[in-house]
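Good morning, everyone. Please take a moment with the structure on the screen, and then I'll walk you through it.

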Amino acid sequence: MPWSGFHTKMIAALGCAWILDGLEITVASSITPVLTRSDTLGLSSSEAGLIATVYLVGQVTGALFFGRMADRFGRRKLFLLTFGVYLFGSGLTALTYGQGPGWDAFLYMTRFIAGTGIGGEYAAINSAIQEMMPARFRGRVDLLVNGTYWAGAMVGTVAELVILSSFDDAVAWRIGFLLGPVLGFSVLFVRRHLPESPRWLIMNGREAEAEAAIARIESAVRAHGKKLPPVEDKDAIEISESAHSTYVTLLRVLFRRYPKRAVLASTLMITQSFLYNAIFFTYTLVLTKFYGVSDEDAPMYLLAFAAGNLLGPIVLGPFFDIVGRRWMIAGTYLFSGCALGVTATLFVADALTATTQTAAWCIIFFFASAGASSGYLTAGEIFPLEVRGKAIALFFAIGQAAGATGPYFYGWLIGDGTERGRLYIGFLVGAVIMVIGGLAETFLGVDAERKPLEAVAMPLSVVRTSVDAARRRTVEKLRKPSDQPVAAQDGAPEAPDGAPGPAPEVPDRTAAAPFDGKPDKPLGTSSGSSGTSNTSGGSSDDDPDQPGGEPHADTPAV
C-alpha cells in the first residue's frame, strides 16, 4: 500500500509515547538529587535511587500484563489505556507532599504506575505500528518511532536546566514530573481517532469492522492522488476466528515452532539493553569522575550524546528496508561493539578528553541506537499475529531485567574515578556483548524486509492459503522435464507414476476449528504473501525458522 497522510498521523500519535518516556526518565534522573534535600522529600541516597528501580519494575510488569491484553482486547484500546495509566501515575507523583514512610510508599507506588503505563506502550504500539504500516516502510518506521526516545531525552535535558534554574527546589521537582502529563494529555484525543488494527479484527472474527478500517486507510491513500495496487488471488490466505492465546501459547510457539527466532530476539534485546543502561546511566559519572566536568556542564554533553542516538535511526532506518534486516542489524551491532573496544583502549591510555570521549560515544551510539531499535522490530515481526503483543512484552521484559544489572556493575567499576583499568574491562565486556548480538543476527537473522507479516510468520489460526498457487507448485515439484501437463480431477493434481499421491484435500473454512493453543497437524502448503520460498526468496523450504519456509511435519499448527 502507498504511503498516505493516515500513516503520518499514526506515527505522530503513537510515537510521542517514546518522546515522553525519554523526557520522563531524563527529568526524573536529573531531579532525583533534589529529593534528598530537607526542604523537599528528605530521601536518603538509596531511597532516591530506588525510584528508578521501581519505575523499571513497573515497566516490566506493565509490558507483561498489558502485552497479553493487547492481544486479547486489541491494539487501539490498549494504546489508549496504557497512555492514560502513564499520565495518571506521573501526575500523582507530583502530589507527594510530605515526608515519612507513608509518603515514601505513595511516591514509589506512583512511579510504579507510571512505569506500567510506559511498559504497556511498548507492546501495544509496536504491534499496531507493525500491523498497519506498508511492508516496504515497516522497518524504518519502527526504528524512527523507537528512536524518538532520544528526542524526549534532549527535551528533558533542556527542560531540566530551565526548571532547576528558574524555580525553587520545592517546586522544580513537581514541575518536572508534571511536564510529561501536561504535554501528553492532548495526545489522547488524537489517538481516539485512530482505527483498530485490521489484522487483529479479522483474527477476532470482526470482518465488517476490519473492512471499514481498511476502507478508511484506502480512502486516505486515494485522497493523496495515489493508486492502490491490485491484490492477486495467490496472495490470499484464510484464517479462522482465533481463541484467545495466553503466555502458554506463546511458549509453545517459541519452543516448538520458532526456537531459533526465540534465541535471536532474546539475544538482541539483552545485549542492547545491557549496553545502553550501562553507558547511559553512568554517562555523567564518567565525565565528572575521569574528566573533571562540573555537574552544571554535564547535561550539555548529554545533549550531544542524545543527538547521536536520535540521528542513527533516522539516517540508517531506510537501509533496514532496502539493504535488509540481517545485514543492517548485524552491521550496526558489530560496528558499535568493535568501535567501543577501540574507544576503551584509548580511554585506558588516557588519550581522550571529555569532548573526544563524547564524540566517540556519539559515533558508537549512532549505529548502536539503530541496532537497539531494531531489536523491538525483530521481536514483533517474526512471530505470529495471535501472540505478537505478548512476544514483544516478553522479550522487552527479558532485556530490561538483564539490562538492569548494567548501571550497578558499571557504577562499581567507576568507583572514585582513580582506576581506569577497571572501567576499561567493563567497556570491553560491553563491546563483546554487542558483538555477540551481531553474530546472533548474522547466523539466525530473518530476512523480513518488504514482506507482509504473514509471509514472515504464518498466523496460528490459518485455515488455508491460495489453493490454486499451492496446486501449481505441487505439480511443478512432481513433474519431470519430459512430462506433459498433469490433468486435474475434481480440483486436485494427479501425481505421475512412481510419485507420491495427490496432496491432501485442503480443509474447508467452515470445518476448521479455532486455534486453541494446542499442537494439531502440520500447516498445509502456503504461497504468495503467506510465505513460500518462491515469493519470499532466499529461504529454505523446510525450515520454519526462515520466512517463506514450510513448516516441518512436527510443527504445531491448526
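**A loop, a patch and a helix pair**

Let's start with one residue. Arginine 450 sits in the loop between helix 18 (420-444) and helix 19 (453-456). Its backbone stands out: phi is positive, about 60°, although arginine 450 is not a glycine. The cut-offs are under 20% for buried and over 50% for exposed, with partly exposed in between.

Keep in mind that this is a predicted model.

Which other residue has a positive phi without being a glycine? Look at aspartate 350. Its phi is about 55°. Aspartate 350 is in a loop too, the one between helix 14 (325-348) and helix 15 (354-381).

Now step back to the whole chain. How many helices and strands does the chain have? The secondary structure comes to 21 helices and four strands. The chain has 558 residues, and 55% of them are buried. Next, contacts. Take those with a separation of 6 or more: 83% of them link residues 24 or more positions apart. As for the surface, the chain exposes about 22700 Å². Carbon and sulfur atoms supply 63% of that area.

Stay on the surface. There is a nonpolar patch there, formed by Leu144, Leu311, Ile314 and Val315. Together these residues have about 310 Å² of accessible area. Which helix gives the most to the patch? That is helix 13, residues 298-322, with three residues. Valine 315 is found in helix 13. Its relative accessible area is 42%, so valine 315 is partly exposed. Patch residues need over 30%, so valine 315, at 42%, clears that cut-off.

Last stop: a helix pair. Find helix 1, residues 5-31, and helix 6, residues 149-166. At what angle do they pack? About 40°, with their axes 7 Å apart. The crossing of helix 1 past helix 6 is right-handed. Who makes the contact? On helix 1, the residues include Trp18, Ile19, Leu23, Ile25 and Val27. Gly22 and Ser30 are also among them. On helix 6, look for residues including Tyr149, Ala153, Val155 and Leu164. Gly152, Gly156 and Glu160 of helix 6 take part as well.

That's the tour. Thank you, and I'm happy to take questions.

Definitions and conventions. Residues numbered from 1 in each chain as written. Predicted model: local features only at pLDDT ≥ 70, side-chain atom pairs only at ≥ 80, totals over all residues. Heavy atoms only, no water. Patch = residues over 30% accessible without salt bridge, like charges linked within 9 Å, V, L, I, M, F, W, Y side chains within 5 Å. Areas by Shrake-Rupley, 256 points an atom, 1.4 Å probe, with all protein chains shown as cover. Salt bridge = Lys/Arg side-chain N within 4 Å of Asp/Glu carboxyl O. Helix = DSSP H or I, 4+ residues; strand = E, 2+ residues; numbered from the N terminus. Buried < 20%, exposed > 50% of the residue type's maximum accessible area, 1.4 Å probe, protein only. Axes fitted to C-alpha atoms, helices over the stretch in contact; angles between N-to-C directions. Left-handed = near helix turned anticlockwise from the far one by under 90°. Contact = heavy atoms within 4.5 Å.
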